[in-house]
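Hi,

Here is the structure I promised to send over. Have a look at it first, and then read on for what turned up.

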Amino acid sequence: MIPRIQSVGIKSNTIFPDDMSQKIRFGGPMDTFLFSINATLPVFLTIIIGYILKRCGFFDENFTKAADRFTFRVTLPVLLFVDIATSDISTGYDLKFMLFCMGVSCAAFFTIWLFAVFFIKNREQIGSFVMASFRGSAAVLGIALVKNIYGDTGLAPLMVVSVVPFYNAFSVIVLTIYAKREEGEQKKIPFGKILLQVVTNPLILAVVLALPFAFFGITIPSIPMKVLDNLAGIATPFALIILGAEFEFKAVKSKASLTIIASAVKTIILPAVFVPIAVLFGFEKDALVAIAVMLASPSTVACYIMAREMNNDSRLVSGIVMLTTLVSSVTITALIFILRSLSLI
């Protein structure tokens with residue numbers, strides 16, 4: 001089984017074999033570290049495989065462009081639909097928790113955007129920087145960690161439903177505004193065009209279609225569910241391989257400062273700022289774990305696919321995805337260890 005870990009993932013997007021979550025138990029810092037390594041290292045290695053395959057001549061530029069379109073318009077939307085539609089949020093509904101997750105997502109997005117506008121000179125890098133700095137693969141790590149520690153998914157599925165629509169809507173908006181323009185093309189983007197980009201984005205359409213299934217507990221028949229699972233199953237590993245195939249060290253080296261800053265924001269600054277606020281709001285145990293991982297999770301491969309398809313700086317995003325994936329295994333471990341030491345989880 002190829003590990004799958006990305007922007008969303010509940011049932012169809014697991015990072016462990018079916019019985020691994022039962023074998024790993026939260027017993028100390030080493031267990032947590034091994035858990036984080038199991039979650040992030042396969043992602044990084046899959047990217048490396050894509051990089052090697054491209055250098056060995058398995059892919060060319062035409063193939064990778066077609067693969068990006070296929071991933072953006074077919075497999076990622078199906079994955080998103082399946083993960084949200086099959087999540088159980090009919091029980092354990094917590095409005096305070098949902099509003100907090102939504103509020104944190106909005107605050108993080110607009111704060112990072114404001115910072116980027118003032119400090120990034122190259123306008124065409126702003127959209128990619130903002131999206132990769134605030135949007136993480138929270139669902140997989142949140143679901144997995146909560147289930148590993150407490151034996152069930154707790155409020156983690158509710159976190160996914162709360163933030164995924166914001167992740168996608170905000171990403172479309174910022175990428176549309178800062179997309180590269182052809183010479184002579186109008187620089188100002190009309191509001192109507194931004195709205196059209198949002199409502200027709202395949203990922204947002206997938207969320208909208210999936211929400212009724214999640215809220216009302218509608219069961220998808222087994223045959224179409226199997227077809228959807230097959231498509232969802234290839235989404236993340238395929239996207240990771242293509243990301244690796246298009247990765248260029250020279251391009252990332254030239255953007256090292258932005259890559260490091262965005263990675264620090266995603267894996268260190270966001271959790272350092274908002275997790276203490278969550279504690280002040282009274283969140284603990286499964287709710288606090290879901291919030292913590294929502295904030296500290298690595299940037300998702302969906303960021304790269306969206307940046308490439310929406311004519312933004314995808315090379316900057318690819319470097320951020322790779323660096324946050326490496327760093328998060330340490331930072332998430334440290335965060336969970338601190339919360340555990342303080343008897344908050």
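When I say two residues are in contact, I mean that they have heavy atoms within 4.5 Å. One thing to keep in mind throughout: this is a predicted model.

With that contact rule, and leaving aside neighbours within four places in sequence, Val117 is in contact with Ile126 and Tyr178. Val117 sits in helix H4, which covers residues 95-119. Its relative accessibility is 42%, so Val117 counts as partly exposed. Val117 and Val130 are 13 residues apart in sequence, and their C-alpha atoms are 9.5 Å apart in space.

Val130 also turns up in the largest nonpolar core. That core has 98 residues, and the ones that touch the most other members are Ile84, Phe97, Phe129, Val130, Met159, Ile291 and Met294. Helix H7 (residues 156-177) gives this core its largest share, 13 residues. As background, nonpolar side chains tend to be buried together in soluble globular proteins.

What does Phe129 touch, once neighbours within four places in sequence are left aside? The partners are Ile112, Phe115, Ala116, Ile120, Leu258, Ile261, Ala262 and Leu316.

Back in H7, have a look at Ser162, which is placed in that helix. Ser162 counts as buried because its relative accessibility is 1%, and the cut-off for buried is under 20%. Not counting residues up to four places away in sequence, Ser162 touches Met98, Cys101 and Met102.

Now for a helix pair. H12 (residues 256-280) and H15 pack with their axes 8 Å apart, at an angle of about 30 degrees. Angles under 35 degrees count as roughly parallel, and H12 and H15 are therefore roughly parallel to each other. Their crossing is right-handed. On the H12 side, the residues that meet H15 include Leu258, Ala262, Ile268 and Val275, while the H15 side includes Leu316, Leu323, Val327 and Leu339. By class, the contact between H12 and H15 has twelve nonpolar, seven polar and one charged residues.

Last one: Ile336 is found in H15, which runs over residues 314-341. Is Ile336 buried or exposed? At 1% relative accessibility, Ile336 counts as buried. Ile336 and Leu288 are 48 residues apart in sequence, yet 9.8 Å apart in space, C-alpha to C-alpha.

Cheers

Technical notes. Residues numbered from 1 in each chain as written. Predicted model: local features only at pLDDT ≥ 70, side-chain atom pairs only at ≥ 80, totals over all residues. Heavy atoms only, no water. Helix = DSSP H or I, 4+ residues; strand = E, 2+ residues; numbered from the N terminus. Buried < 20%, exposed > 50% of the residue type's maximum accessible area, 1.4 Å probe, protein only. Axes fitted to C-alpha atoms, helices over the stretch in contact; angles between N-to-C directions. Parallel < 35°, antiparallel > 145°, perpendicular 65-115°, else oblique. Left-handed = near helix turned anticlockwise from the far one by under 90°. Nonpolar A, V, L, I, M, F, W, Y, C, P; charged D, E, K, R; others polar. Core = buried A, V, L, I, M, F, W, Y, C linked by side-chain atoms within 4.5 Å.
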